[in-house]
Amino acid sequence: MPPLTQEQQNALDILLKLLHKGEFRGALIHGVTGSGKTRVYLELVKKAMEAGLKTLILVPEINLTPQTQKRFEDFLGIEISILHSGLGAKQKRKTWQGLLAQETQILMGTRSAILAPFEPQLIIIDEEHDSSYKQQDPAPRYNVREMAFHIAHKYGALVVLGSATPSMETYHNAKIGNLKLIEMKTRPGGLPLPQVTIVDIKEQRKKQDKDLMLSSVLRDALSKTISEGNQAIILMNRRGYSTNRICEDCGNPQSCTDCNVTLVYHRQYGKLVCHYCGKLFPLNARCKCGSEKFAFFGNGIEKAEEELSEWLPDAKILRLDSDTTSGIGATEKLLQKFRDRRCNILLGTQMVAKGHDFPGVSLVGVLYADIGSGIPDFRAGEKYFQLLTQVAGRAGRFLENSSVIIQTFCPENPVMQFAIKHNYADFSKWELKERQEAFYPPFCKIAQIKMQSKNKNKLEDAANMLHSLLSACNSQLVILGPAEPFISKVQNSHRMILTLKAANAADIKNAIKNTLANPDFIKTAKGVEIRIDRDA
C-alpha cells in the first residue's frame, strides 16, 4: 500500500490527537471524491485497535459493506464483525454472539448497527450526508448522526463524519467550530477531478431524433471508452420503461386507483406499476373515460437499457435498480460482476452514485439530470448537488483523462453549475444564505406533523384544529400548513402535513406534546394516524 499523502497524514494526525482526548469530540473530514478518506479511516482504526479501543464503522447502504469490509480486513489482518438486515442467519448469530460476549472490537454495518449493544470509543460515519442514515418506517424512527453523538457523549467517544458533500447542518456545525473541520482537496497521485461536459438536451433534440435518450456526445464517448477497454457508469434516476400512459381521447394519465400517483409502464413485468403501493395494472387497462386508446410518454431506465443495447451491440450492460436487485445478495453480485470487469457499462438509478470504488471507470454519463431538482423540499437543491457530485466522483479514481457528461434541459441551473465545477464551498455559501433568509435549518429547528386517514373530511378537521391549537400554544412557532404533501393519497389514505419551525427544539417539542394531549383534539382526531418527523 502506498504511503499516505501529506493531506492524508495531516488528517490522521489531527484525528489521533482527538482520539486520545478521552472526552466527547467530533470531526468532519470534507474531502473531494477519491481523496482517500477511507485510507485515513484505515490508519485511524488501526491505531485505535492497537490502543485497545472499540470502533463502530457505519456505511449508508448494505451493498457498500462488502467492499468496505474487504478493505478493512485486508489492511488490519483481522475479521470484522458485520451487522445489517441482509445477513444470513448464521452470520447474524455469529455477530450477535460476539457482541453479547463483549468480544467484538470492530463492528461495521448500516444504520441499524447504531442500536447494537456496543460501547465504542470511535464512531466513523462514512458518506454522512446520505439520507439512508435516517430511519423512517417502520419504528423505531431515528437519525444515525444524532444517535452517534448521544452515544459518543455517553462513552466519551470520537465521532468522525466523512463526505465529499456534507449535509448543510454538518458543514455549518464544522464552520462555527462545533466540529473539527478537516479538508482534503486533492486526489492521491495528482489525479485530477474528472472533466465535466454539459449537453443541452433542447439543442440536441434539434439535431437528432427527439425520442433518443443518448446524445451524440455521450454515444461517441461511450464508444471510445469501450474501445479503449475502460468502463462507464450511466445514471438514469427513473425506474421503468415509460413514465406515463396517456389516454388519446381525454388526455389524462393513467393513475393508481388507491394512490394519487401516475402509473409507470415496466416492460420487465409487462404491467403498469404504482411505485407507492406496488399495485400492478394490465397494460391495456381502460381509462376512466372508458377509452382503450393510449400512448406512452416519458422515458425510464428500461428504455435507456434498450437504446444502449441498440447503439452498442457489443457492450456488456448491467442494469442496477430496485427491479433487478430484489433478491438477497443480488446487488452485491451485480456490483462484483462490474468490479471484476465482466461488464463494461453499469446503468443504474441513484444506487450507482453511492460511494463505490470501480478502478476501471473513466466515463460517467447522466441522463435527464433535472429529475428530482424541482421537488417541493427545502433540501432539494442540496440533494441534487450531492447526487451530481457523487456520481461524477465515480469517474477517474484510478485513471487519468476521465470525463463526466451531464445531459440536461436546464444547463443554467445554479446548483448544476456549482456541481460541474466541483465547487462545494461556493455552493454551501449560496445554499446557507438561502436557508438563513427563509429561516430553515441549520438556522432553526424543524419538525413535520404528518397526518393520514381514509376519511378526508375527518383528516381536514383534525389538521385545522391542530393548527389552531399550536398557534395558541406558542407565539414563537412558525407554522406552515396544513397542506397536502406532494403525494396526497397512498393506499386510499389521504395525507396532510403541518411544518413547525422555531429557534430551539424545546419550543417545538413542548407545543406538540401539549397539543396532542388536548382532550378535544384527541376526540376530533380519532381515526387519524399522526406521526412526528423531527428535522424533516
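Which residues are exposed on the other side of H1? They are Gln6 and Lys17, where exposed means over 50% relative accessible area, buried means under 20%, and partly exposed is in between (1.4 Å probe, protein chains only). Keep in mind that this is a predicted model, where local features need pLDDT of at least 70, side-chain atom pairs count only at pLDDT 80 or more, and totals for chains, interfaces and linings use all residues. Residues are numbered from 1 along each chain as its sequence is written, and side-chain values use heavy atoms, leaving out hydrogens and water. Helices (H or I, at least four residues) and strands (E, at least two) are DSSP runs numbered from the N terminus.

**Helix H1**
- H1 covers residues 6-19, and its 14 residues reach 20 Å from first C-alpha to last, close to the 20 Å expected at 1.5 Å a residue; that expected span is 1.5 Å times one less than the number of residues.
- Its buried residues are Gln8, Ala11, Leu12, Leu15, Leu16, Leu18 and Leu19.
- Looking down the axis of H1, you'd find these buried residues within an arc of 155°, so they line one face of the helix; the arc is taken from the directions from the helix axis to the C-beta atoms.
- That buried set packs against strand S1 (25-31), helix H2 (37-50), strand S5 (122-126), strand S8 (158-163) and strand S9 (180-184).

**Helix H11**
- H11 takes in residues 380-392, and its 13 residues should span 18 Å at 1.5 Å a residue, which agrees with end C-alpha atoms 18 Å apart.
- Because 12 of its 13 residues are buried, H11 is largely enclosed by the rest of the structure.
- Among those buried residues are Tyr384, Phe385 and Leu387.

**Asp323**
- You'll find Asp323 in the loop between strand S17 (317-320) and helix H10 (330-339).
- Asp323 counts as buried because its relative accessibility is 7%.
- Its side chain makes a polar contact with the side chain of Arg239 at 2.9 Å; such a contact is a pair of N or O atoms within 3.5 Å, and within protein one must be able to donate a hydrogen and the other to accept it, while residues adjacent in sequence count only if both atoms are side-chain atoms.
- Setting aside neighbours within four places in sequence, Asp323 is in contact (heavy atoms within 4.5 Å) with Arg239, His266, Gln268 and Tyr269.

**Asn413**
- Asn413 sits in the loop between strand S20 (403-408) and helix H12 (414-420).
- With a relative accessible area of 15%, Asn413 is buried.
- Not counting residues up to four places away in sequence, Asn413 touches Ser373 and Tyr384.
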